[in-house]
Amino acid sequence: MTLPKSTAAIRVQQAGPLTLLQDQGRFGCRHLGVTQGGAADLYSWAWANYLAGNSWGAACLEITLGGLQLVAEKDLVIAVTGADLGATLDQKPLPLWQQVVWKEGQTLAFATPLSGLRAYLAIQGGLAAEPVLDSVACVSREQLGGLDGRGNKLAQGDRLAVHAQTSKPQERPHQAPEDARLDFSQTPVLELLPGAQIGEFTGRSLYAAFNSRWRVDNRADRMGVRLTGPRLDCRITSMISEGINLGSVQVPPDGQPIALLNDRQTIGGYPRLGALTPLSASRLAQCLPGQEVQLKARGSGPLLEKHRRFLEFFSN
Amino acid sequence: MTETRLPMQPRLESAGLDAWILRLFDRIDETNLPWLTALTHDCEVALGDALVDLVPSYTTLLVVFDPLKLSPQAARQQLEVVISRLQPEDTLTPGRSHELPTYYHPSVGPDLERVAQHTGLSVDAVIACHSEKSYRVFALGFAPGFAFMGLADPQIECPRFDTPRQRVPVGSVALAARQTAAYPAATPGGWNLLGRTSARLFDRDREGFSLLQVGDEVRFLAVDREEFVRLGGDLTPVEAKL
């Protein structure tokens with residue numbers, strides 16, 4: 001898509017294997033079979049926008065694995081959070097989790113994953129694209145969203161436009177506090193709210209589910225992440241298909257769980273252990289194949305408290 | 001007015017910090033629809049601006065809400081009230097009716113022969129049987145605008161493929177067991193392809209986006225090649241199964 005030069009702000013010199021425009025996702029349309037989409041690591045996405053001076057919902061780039069090179073066509077205020085993909089600004093290391101000025105003509109590059117899988121680049125004002133069903137979230141499988149509205153990932157030669165900053169950015173810290181920056185090299189403990197079929201799993205399987213280390217399989221993408229480990233047996237092998245929420249951990253007859261993420265199918269028919277919290281789903285989306293994760297079942301009280309604190313912090 | 005009762009005690013099941021599943025039935029039946037349609041509507045009214053998404057399916061409704069506007073406990077209480085007052089939608093006001101012009105032919109329906117062999121019917125009899133019945137939309141999912149419809153006549157019941165096709169063309173009309181559907185976009189798929197419709201099933205420029213909605217009534221109207229092309233149908237043959 002070509003944009004008038006006046007609005008274009010960034011030129012894509014090299015697109016990388018999977019760079020997608022993402023906002024918070026597409027809602028109010030799941031009954032049409034349209035998936036959620038949106039930033040797979042909502043936590044890092046929210047911090048990127050916050051640090052760049054944007055409000056909740058602004059579109060960012062979700063950069064998976066790296067391989068991206070961008071040139072600024074005007075001075076921009078940005079923040080990069082999430083995975084450490086060895087980002088550089090004119091070949092100097094780019095500080096993450098803080099506001100940075102990206103000057104006209106400078107090249108911002110993302111190399112390869114050093115820690116984590118997906119980085120988020122927020123630009124003050126937010127990236128501009130025509131929303132489809134009220135969202136620019138790019139879902140290639142559904143041909144919805146993204147720069148051209150047709151679900152295409154970033155391509156070499158694309159020009160990215162930025163919304164004009166209409167109001168003065170809010171006075172905020174320009175750096176995320178140390179404890180907010182996640183260390184993706186640690187083995188994450190993913191918190192799960194048990195679901196209705198949990199009682200149908202055998203006792204041995206439940207013990208294994210919450211006391212084993214699970215390995216992230218290479219069958220992992222924005223739809224879902226397959227975990228390999230001990231076989232989990234459920235007395236129900238298949239169910240009548242029903243709506244599935246973000247983070248649902250379903251167990252097909254092969255006994256290996258799949259945690260469903262943003263681009264999941266809207267309905268499905270496997271029994272579920274429960275649902276990861278949105279923050280745990282975010283954390284899982286940063287895991288590379290071969291990494292280990294643990295599952296921990298918890299009651300809704302503390303999980304809800306944590307989730308609400310997260311939403312409240314960023315919705316102000 | 002006589003009260004109609006549900007065949008089982010409805011259940012509320014946790015589906016995450018921001019969602020409940022309302023389970024009304026434990027088996028697929030066309031008579032589930034008036035209840036689920038009413039439930040969907042009543043939940044929309046009850047939750048108001050705290051509602052995020054509603055996903056009806058064959059026996060359940062997934063209700064997703066905004067946890068900043070409603071706690072799971074408060075949502076649960078509201079949904080319990082909805083269920084306690086639930087009455088099935090008046091059957092005199094069902095969903096909309098659609099006729100999907102469909103070209104049944106081996107070039108675009110390469111599995112007509114498979115279904116014929118499996119059922120012992122002739123290809124013509126399979127086509128007649130599939131196109132004579134009207135179907136209900138039970139659920140949307142799998143892909144935008146993909147409607148799961150049923151139930152097909154038991155005479156043409158035929159299982160899906162163990163290994164799906166890599167690419168099923170847009171508009172393909174398909175059968176799996178006693179369910180039928182039409183593909184709104186080219187996707188992988190393991191259903192038996194009987195033909196192709198010229199109808200645009202998902203259109204981002206249309207109000208409501210999806211041609212078919214849960215509760216709608218659908219008939220596949222057999223048309224000849226000429227009419228199919230006139231309606232804008234695509235004759236590109238299905239790629240050989242990998």
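## Salt bridges and basis of the model

Over all chains, the structure holds 27 salt bridges, a salt bridge being a side-chain nitrogen of Lys or Arg within 4 Å of a carboxyl oxygen of Asp or Glu. The model is predicted: local features need pLDDT of at least 70, side-chain atom pairs count only at pLDDT 80 or more, and totals for chains, interfaces and linings use all residues. Residues are numbered from 1 along each chain as its sequence is written, chains are lettered from A and ligands numbered from 1 in the order in which they are written, and side-chain values use heavy atoms, with hydrogens and water left out.

Side chains of opposite charge can pair when their charged atoms come close. Two such pairs are listed here.

| Salt bridge | N to O distance |
|---|---|
| A:Arg222 and A:Glu62 | 2.9 Å |
| A:Glu242 and B:Arg23 | 2.9 Å |

The side chains of A:Arg222 and A:Glu62 meet in a salt bridge. This pair links distant parts of the chain, 160 residues apart: A:Arg222 lies in the loop between β14 (214-220) and β15 (224-228) of chain A, and A:Glu62 in strand β3 (residues 60-64) of chain A. Helices (H or I, at least four residues) and strands (E, at least two) are DSSP runs, numbered from the N terminus.

## The interface of chain A and chain B

The contact (heavy atoms within 4.5 Å) takes 43 residues from chain A and 42 residues from chain B. The area buried between the two chains is about 3,200 Å², of which carbon and sulfur atoms give 63%; buried area is the accessible area (1.4 Å probe) that two parts lose on being put together, summed over both. A:Leu32, A:Ile240 and A:Asn245 supply 19% of the area that chain A buries against chain B, more than any other three residues.

Two salt bridges are found across this interface, and A:Glu242 pairs with B:Arg23 in a salt bridge. The elements that give two or more residues to the side of chain A that touches chain B are β13 (189-194), β16 (242-243), β20 (272-276) and α4 (300-315) of chain A. With eight residues, α4(A) gives the most to that side.

## The barrels

In chain A, seven strands close into a barrel in the order β13-β20-β17-β18-β15-β14-β21, with mixed pairing; two strands pair if DSSP finds at least two bridges between them. A:Gln250 has A:Arg272 as its bridge partner in β20(A). Helix α2(A) packs on the sheet and touches β13, β14, β20 and β21 (292-297) of chain A.

A:Phe210 is found in this helix, α2 (residues 203-211) of chain A. Not counting residues up to four places away in sequence, A:Phe210 touches A:Leu192, A:Ile198, A:Leu295, A:Lys296 and A:Ala297. The C-alpha atoms of A:Phe210 and A:Ala297 are separated by 7.1 Å, although the two are 87 residues apart along the chain.

In chain B, seven strands close into a barrel in the order β5-β12-β9-β10-β7-β6-β13, again with mixed pairing. Strand β6 (residues 134-140) of chain B is joined by three bridges to strand β13 (residues 217-222) of chain B, and the two run antiparallel. B:Tyr135 has B:Val218 as its bridge partner in β13(B).

How values were computed: Axes are lines fitted to C-alpha atoms, for helices over the stretch in contact, and angles run from 0 to 180 degrees between N-to-C directions.
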